[in-house]
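Here is a short report on one protein model with a ligand.

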Amino acid sequence: MNDTQTKPILVGYTRPELEALIASWEEKPFRARQLEKWIFEKAARRFEDMSDLSKLFRQKLQENALISPHEVIQTTTSSDGTTKFLIRLSDGQSVECVTIVQERRLTACVSSQVGCNVGCPFCATGLSGFRRNLTPAEIVDQFLLMQAAVNAGAFSEYTDNDRISNIVFMGMGEPLLNYDAVLKSIEILNRQVGIGIRRITISTSGVIPRIERLMQEPRDYSLAISLHSVNPSVRDELVPINKKYTVDELLKVTRRYTETTGRRVTFEYTMLEGYNSSLQDAEALAKAIKGIHCHVNLIAYNPVGSKFQAPPRAEILAFQNVLAQAGFPVTIRQNHGQDDMAACGQLRIQSAEIPLPTVI
Ligand code: SAH
Ligand code: SF4
C-alpha cells in the first residue's frame, strides 16, 4: 500500500475532522487551526514551508499525513490570462479546472466528476463518457492548486488580485450527481478557505430530485440551470437528462427554488445555430421563464469537434435583445480563452492522445 491509500489526505478534511485528527495524535487543539491556515488559506503544498509549526510537529505530519497527492501536469494560458490546468489524480485519472480572469477578478471553474454520463452532444466532457466521481479532496484541491499558482505570480501580468474570489462548478461533470462530495467540498471552500457562500455557484443540467434536496439544506446555494432550450424535443436532444426530468418540471422546481431560497438563479443557454438560436426560440424562452427571479447567460457554442456551430454574433445579439425587451437581465458570456481550447473536457481528451510534459 502506498501513502495515498493509507495516510489521511488533508485537503479533504473539514474543520471538525481536522480537529479530531489532531486530537487523535494527542496534539493541542490550536494545532488544527494552524494547519488549517497553511493548507486552506495560504495554499501551502509542503509541511516544511509551515514556518510557525515546531520541527517535531512538522515531522509528525510528514510521517502521518499527506497534504495532497495531486499534481498539475499541464497548463495552457490564453491571451486574456484565463488558464486551464490539467490535474493528475492519485489513480492516474485527470481532470481540468480553469482560472478565469474577468475584469481583474479571479474565478475558479472546477470539475466535480471525471467525465459525465449526462451525455450532452455539444460538450467535450459529455462526449468522453463517465469514469468516476471526484472526492471532496479532489474538488477542493483544484482550487488550492490554482490559488498556489496565483501565489506564485502566474496571474500578476493580468490582475493585481492575489486571491481567487469566486468558484463555479462548471468544469467536467454534473455536480448534483456527486451531491455529497460537492456539498462537503463547498463546506471546506466556504469555512476553511473563506470563499463566501454567495460566491460559489453550482451549475446543473437539471437533476430535479437533487435540486429539491438542495432546497431543504440549511444553506442557500447559488444555482445555475443549463437550460439551452425550452422546446421539449430539442432539449431531449441537447440535454438528454430531459427525457427523465422534463423542462416543464425543471422550470417549476427552479421557480420554487428561487421562492424558497430568495436567491436569483442563472439560466445558462449555449447558443447552437439551427437548434435554439432563432428569434422564435428567444420569444419561447422569455415566455417560459416569465416571473422567475433570474439572470440569463448566453454562451456562444465553443467548438469541440461535434456537429454543432455557433450562430453569427448578430443572431446572438438579436436573441439577447428579445430577452432584454421582455425585462430579463441578460449577458453574453465571453468565450474566455477560446484560443486555447476553453470548453471543458478538451484538454483532457487531447492529453489522452499525446503524452504531455510537466509545466508547473
Ligand atoms: N454539468 C453541469 C456543469 C458543467 S458544464 C451543467 O451542464 O450545467 C457548464 C456549462 O458549460 C453548461 O451550461 C454547459 O452546457 C456548457 N457547455 C458545455 N460544453 C459547451 C460548449 N462546447 N460550448 C459552450 N458551452 C458549453
Ligand atoms: Fe455533463 Fe454538463 Fe457536459 Fe452535459 S454539459 S455532458 S451535464 S458536463
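**Ligand 1**

This is a predicted model. There are 21 residues around ligand 1. Those that come nearest are Gly 173, Ser 203, Ser 226, His 228 and Asn 302. By type, the shell holds ten nonpolar, nine polar and two charged residues.

| Residue | Protein atom | Ligand 1 atom | Distance |
|---|---|---|---|
| Phe 122 | backbone N or O | nitrogen | 3.0 Å |
| Ser 226 | polar side-chain atom | oxygen | 2.6 Å |
| Asn 302 | polar backbone atom | nitrogen | 2.9 Å |

On its own, ligand 1 has 540 Å² of accessible area, and the protein covers 93% of that. Which elements give two or more residues to the shell? They are β8 (200–204), β10 (265–271) and β11 (294–300). Ser 226 uses a side-chain atom for its contact, whereas Asn 302 uses a backbone atom.

**Helix α2**

Helix α2 spans residues 15–24. Its buried residues are Leu 18, Leu 21 and Ile 22. Viewed down the helix axis, the buried residues of α2 fall within an arc of 95°, so they line one face. Helices α3 (30–41) and α4 (55–64) are among the elements that cover these buried residues.

What does the face turned away from the buried side carry? Pro 16 and Ser 24 sit there, and both are exposed. After α2 comes Glu 26, with a positive phi near 60°.

Methods
Residues are numbered from 1 along each chain as its sequence is written. Chains are lettered from A and ligands numbered from 1 in the order in which they are written. This is a predicted model: local features need pLDDT of at least 70, side-chain atom pairs count only at pLDDT 80 or more; totals for chains, interfaces and linings use all residues. Side-chain values use heavy atoms; hydrogens and water are left out. A residue is near a molecule or strand if one of its heavy atoms lies within 4 Å of it. A polar contact is a pair of N or O atoms within 3.5 Å; within protein, one must be able to donate a hydrogen and the other to accept it, and residues adjacent in sequence count only if both atoms are side-chain atoms. Accessible areas come from the Shrake-Rupley method with a 1.4 Å probe; for residues, only the protein chains shown count as cover. Helices (H or I, at least four residues) and strands (E, at least two) are DSSP runs, numbered from the N terminus. Ala, Val, Leu, Ile, Met, Phe, Trp, Tyr, Cys and Pro count as nonpolar, Asp, Glu, Lys and Arg as charged, and the others, Gly among them, as polar. Buried means under 20% relative accessible area, exposed over 50%, partly exposed in between (1.4 Å probe, protein chains only). The arc is that of the directions from the helix axis to the C-beta atoms. Contact means heavy atoms within 4.5 Å.
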